[in-house]
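Colleague: I am new to reading models. Could we go through this one together, ring by ring?

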Amino acid sequence: MTEPGTRSNGIWTWEADYLPMWQALWGGRSSKAVTDEELAETLGRSVSAVRKRARELTTAGSCFAGGGLPGMRKTKRLSCEQFRAAVHTYCHSEGIPLWDNRADEKLRAAWAAGWPTLAQLGSLVGATEQQVVNRLITLGIAAGVTEAADHLGATPGGPVEINARLGRAHTDTAVWVLVVTGPNGDITVTTYTDERALMRHAQTATRALGPLARWHISENVTGEPHARTHRTGTGVVSAPRLDIA
C-alpha cells in the first residue's frame, strides 16, 4: 500500500496502475469489498483521480456493466486480458500509449544501442515521437528533448526536431552576468556570452578587491524566466567548473 495521492502527477502505467486496479476489483476478494479509498491507497493516487479514470475507462470500453467504479463493481468475471483490452481502447481514444515494463525495456535497449530513431521506436511501442521523448525523460534516460533527438534522431521538420533545434539555440544565447560589490557599496555589472571569459574577468576583478569583494554570477538564457545557474560568494572568485589559465 502507498499513501493516496503520492503518484497523482505521474502517468498511468500497466504494472503500477491498471494491473493493481484489475487485481483489486476482479483478481482477488469480492470487488464490492474494495472501497474507493482502498483502491486509491493501493494505486497511490487520490480518490478523485481514480474515480475520474474509472469513468473514462468505462466510457471508452463496452465490457463494463455501468459507468465509473460502481459500474466496474457490477461487472462480473472480467479477465485480465479483457481489462487490458479495455485499457487499450481507452488509450487509443485519447491518443496516448499504454506504457508497461516491456515498452520501457524497449526504450532502454534502444538508448543503449543508439537506434532505432525516435519515430521508429514510437511505432514499436505505439507512441508518437514526443511521447517517446517524454517517457525517456520520465524514466531518467534522457535529460531533455535535445539530448533525445541528438542521441536517437528525430524526423526532420517534426515537432521534436524543431524543439531540439530551439533548445540548441537557447544554449547558444546564454548570457553570463557578473555582479561585484565593493567595500564601499559600489556595484559593477558585466556580461559575457562566454563563461570562460567571464570567469577570467571575475577572478581579476575580485582579486583587486580582495576578501572584501562580494559577487554573484548567473547564467541567463533568452526566453527563460529564471537563471539556469547561479553562484554567490565573497573574496576572490574560484572556478571549480573551468580550467582557467
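Modeller: Start with phenylalanine 64. Buried means under 20% relative accessible area, exposed over 50%, and partly exposed in between, with a 1.4 Å probe and protein chains only. Phenylalanine 64 counts as buried because its relative accessibility is 11%. This is a predicted model: local features need pLDDT of at least 70, side-chain atom pairs count only at pLDDT 80 or more, and totals for chains, interfaces and linings use all residues. Residues are numbered from 1 along each chain as its sequence is written, and side-chain values use heavy atoms, leaving out hydrogens and water.

Colleague: Is tryptophan 26 buried or exposed?

Modeller: Look at its relative accessible area, which is 14%. That value is under the 20% limit. So tryptophan 26 is buried.

Colleague: How many aromatic pairs does the structure hold?

Modeller: Rings of Phe, Tyr and Trp (its six-membered ring) pair if their centres lie within 6.5 Å. Planes under 30 degrees apart count as stacked, over 60 as edge-to-face, and the rest as tilted. By that rule, the number of aromatic pairs is five.

Colleague: What is the angle between the planes of tryptophan 14 and phenylalanine 83?

Modeller: Their ring centres lie 6.4 Å apart. The pair is tilted, with an angle of 40°.

Colleague: Which helices does that pair link?

Modeller: Helices (H or I, at least four residues) and strands (E, at least two) are DSSP runs, numbered from the N terminus. The two residues are 69 apart in the chain, and both are buried. Tryptophan 14 is in helix H1 (residues 14-27) and phenylalanine 83 in helix H5 (residues 80-94), so the answer is H1 and H5.

Colleague: Why is the pair of tryptophan 26 and phenylalanine 64 tilted?

Modeller: The centres of these rings are 6.4 Å apart. Their planes meet at 35°, so the pair is tilted.

Colleague: How many residues apart in sequence are the parts that this pair ties together?

Modeller: Tryptophan 26 lies in helix H1. Phenylalanine 64 lies in the loop between helix H3 (47-60) and helix H4 (68-74). So the parts tied together are apart in sequence by 38 residues.

Colleague: Which charged end sits over the ring of tryptophan 14?

Modeller: A charge sits over a ring if NZ of Lys or CZ of Arg is within 6 Å of the ring centre and within 35 degrees of the ring normal. Here the charged end is 4.8 Å from the centre, and it belongs to arginine 84.
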